[in-house]
Protein chains: 2
Amino acid sequence: MSLLIVGSVALDSVETPKGKVDRALGGSATYFSIAASHFAPHVNVVAVVGEDFPDEHIELLLSRGINLDGLTVSKGETFFWSGCYDESFGDPKTIDTRLNVFETFAPELPDHYCSSGFVFLGNIDPDLQSRVVSQIKSPILVAADTMNFWIEGKLEGLKKLLGTIDMLLINALEVRLLSQEKNLLDGARKVLNMGPKILIVKRGEFGSMLITKDDLFVLPAYPINEVIDPTGAGDSFAGGFMGYLAYRGKVDLEELKRAVVAGTVTASFNVEGFSVEKLARITKDDIRERMKNFREITEFTVPEI
Amino acid sequence: MSLLIVGSVALDSVETPKGKVDRALGGSATYFSIAASHFAPHVNVVAVVGEDFPDEHIELLLSRGINLDGLTVSKGETFFWSGCYDESFGDPKTIDTRLNVFETFAPELPDHYCSSGFVFLGNIDPDLQSRVVSQIKSPILVAADTMNFWIEGKLEGLKKLLGTIDMLLINALEVRLLSQEKNLLDGARKVLNMGPKILIVKRGEFGSMLITKDDLFVLPAYPINEVIDPTGAGDSFAGGFMGYLAYRGKVDLEELKRAVVAGTVTASFNVEGFSVEKLARITKDDIRERMKNFREITEFTVPEI
């Protein structure tokens with residue numbers, strides 16, 4: 001089934017203790033769509049770039065079978081971000097953000113995108129996210145990402161959006177901010193009451209949780225030997241997650257759990273390279289092998305006492 | 001099989017956002033032994049208290065079937081600690097530490113303790129830990145806890161100890177400090193090269209990892225609704241872990257994984273009450289039920305792609 005992502009395509013200059021890249025391919029829609037392309041056959045992108053956007057990046061996305069009919073080339077420069085990570089590989093320090101053509105991004109869906117069964121709203125203004133939702137015809141699952149910037153600055157718009165979507169991706173701090181609850185599980189329940197039926201709580205190097213009204217699934221991160229660049233980890237998680245569901249074409253608790261596994265493993269590859277270097281290079285077999293190993297290193301039988 | 005714990009028995013004044021307790025029962029040997037008593041039939045304690053130590057605490061430990069032949073009552077006051085936790089329930093702020101009789105603690109094992117099959121060396125001076133090891137006859141598993149204070153101040157003594165034990169419990173920061181490696185898995189391998197065959201890396205609210213030369217097991221923490229007091233979480237984890245192994249009487253990879261589960265679940269109860277309030281009150285059925293639920297919320301089948 002086809003999967004739509006609406007988000008940013010950017011050029012990122014990133015420095016980490018393992019090296020640096022200059023004006024490399026980045027943005028939420030980029031990481032998401034490449035991650036999803038390992039699972040879903042039809043990935044549709046809505047985003048905007050400037051006239052400076054290199055052809056080689058377009059070619060890379062097309063070579064992954066990603067549909068770019070919704071990628072607008074606008075007069076001006078592409079969204080540019082630069083930042084650096086310290087040795088903890090925690091939140092990066094932003095050095096420069098130039099929204100450029102992304103500042104006036106007003107997502108319009110090509111007609112044939114409107115019937116996408118699975119939809120992911122990247123981390124943009126909640127009003128723009130709502131505008132996308134209104135253009136979609138009978139989707140199976142609509143998921144959104146958000147961040148503290150919107151929780152603090154656009155709460156009403158965000159609450160309106162939450163009433164119309166099925167799933168929210170959010171980190172633990174944002175759950176606390178949005179719910180005004182200190183306990184994560186209490187906060188998650190409050191957020192579920194705002195609309196979404198499914199919550200994915202991202203905990204970075206510590207994994208993630210899937211929370212619904214009746215169910216809970218907790219998964220650690222896949223332990224990797226060498227982090228090179230964490231940029232795009234959340235978006236490649238989301239891409240693996242949604243890509244897997246779109247490939248399966250259905251949503252139930254067991255599929256959702258497997259989607260968390262697919263997302264976690266996809267993100268684990270992404271952080272092993274700068275930009276999308278590793279993410280774009282891996283094969284289905286690489287993913288299969290790591291998912292199998294993931295189960296081996298996490299499974300146990302209940303102790304008898 | 002019998003299980004020996006050498007550590008502290010203390011009186012703790014603790015304040016958290018959920019309330020406070022004054023001179024409540026605490027100390028590593030206390031949390032460990034009560035946790036272990038839910039699994040192991042014979043738990044032996046070596047520790048020291050002062051003349052002020054309340055009889056009711058002795059009675060509580062005895063009521064759990066814990067052997068106190070190795071508990072010395074010395075002239076002076078019991079080890080006292082007071083601290084408070086903020087709303088993040090991270091590392092507590094220490095308000096007061098009075099070592100009192102614990103300052104000159106020199107563990108001597110009663111003869112019938114020397115044949116304990118399982119031994120846990122609580123977080124004390126590595127030279128004292130080595131002194132205990134030298135008194136033990138052919139144990140099955142000797143495990144130790146340590147902390148950055150000893151890594152920084154008693155590195156030679158600690159390295160000597162590591163050459164004589166089977167297992168080390170340590171947190172992620174301490175692995176980095178001890179190994180001088182930034183990556184956790186690389187650091188863990190270096191620590192394994194110092195002697196222990198098994199490493200347990202504690203990650204607090206994010207769970208734990210079991211690392212050996214050939215194997216890896218990753219487990220999230222058990223998600224709980226309300227943290228009341230995190231004091232003793234690490235020691236009750238260790239007690240549940242070692243108590244389970246002592247109950248089973250053998251050590252292999254599958255038993256070690258189950259021991260991590262037993263430790264995690266035991267610690268999850270401990271933080272739901274001040275001091276040992278909840279830890280001492282739970283039943284085997286409570287533990288069984290939570291272990292079963294833990295498997296349900298973490299298990300998955302490998303996605304087919």
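A residue counts as buried if 20 or more other C-beta atoms lie within 10 Å of its own. In this predicted model, strand β2 (residues 10-16) of chain B is mostly covered by that criterion, with 5 of its 7 residues buried.

**Strand β2 of chain B and its partners**

β2(B) has pairings with β3(B) (residues 19-26) and with β6(B) (residues 80-84). With β3(B), 2 residues lie between the strands, and the two form a hairpin. The table lists both pairings.

| Partner of β2(B) | Sense | Bridges | A residue pair |
|---|---|---|---|
| β3(B), residues 19-26 | antiparallel | 6 bridges | B:Leu11 and B:Leu25 |

**Contact between the chains**

Chain B is superposed on chain A by a rotation of 180 degrees with 0.0 Å of shift along its axis, at an RMSD of 0.0 Å. The two copies are therefore related as by a two-fold rotation axis.

Each chain contributes to the contact: 37 residues come from chain B and 37 residues from chain A. On the side of chain B that touches chain A, the elements giving two or more residues are α7 (184-193), β13 (216-219), α8 (233-248), α9 (253-270) and α11 (284-298) of chain B. The largest share of that side, 8 residues, is from α11(B). By residue type, the side of chain B that touches chain A comprises 20 nonpolar, 5 polar and 12 charged residues.

Of the interface residues of chain B, 100% are also interface residues in chain A, so the copies meet through the same surface.

Conventions. Residues are numbered from 1 along each chain as its sequence is written. Chains are lettered from A and ligands numbered from 1 in the order in which they are written. This is a predicted model: local features need pLDDT of at least 70, side-chain atom pairs count only at pLDDT 80 or more; totals for chains, interfaces and linings use all residues. Copies are superposed by least squares on the C-alpha atoms of residues with pLDDT of at least 70 in both. Two residues are in contact if their C-beta atoms, placed from the backbone, lie within 7 Å. Helices (H or I, at least four residues) and strands (E, at least two) are DSSP runs, numbered from the N terminus. Ala, Val, Leu, Ile, Met, Phe, Trp, Tyr, Cys and Pro count as nonpolar, Asp, Glu, Lys and Arg as charged, and the others, Gly among them, as polar. A residue is buried if 20 or more other C-beta atoms lie within 10 Å of its own, exposed if 12 or fewer, and partly exposed in between; C-beta atoms are placed from the backbone. Two strands pair if DSSP finds at least two bridges between them.
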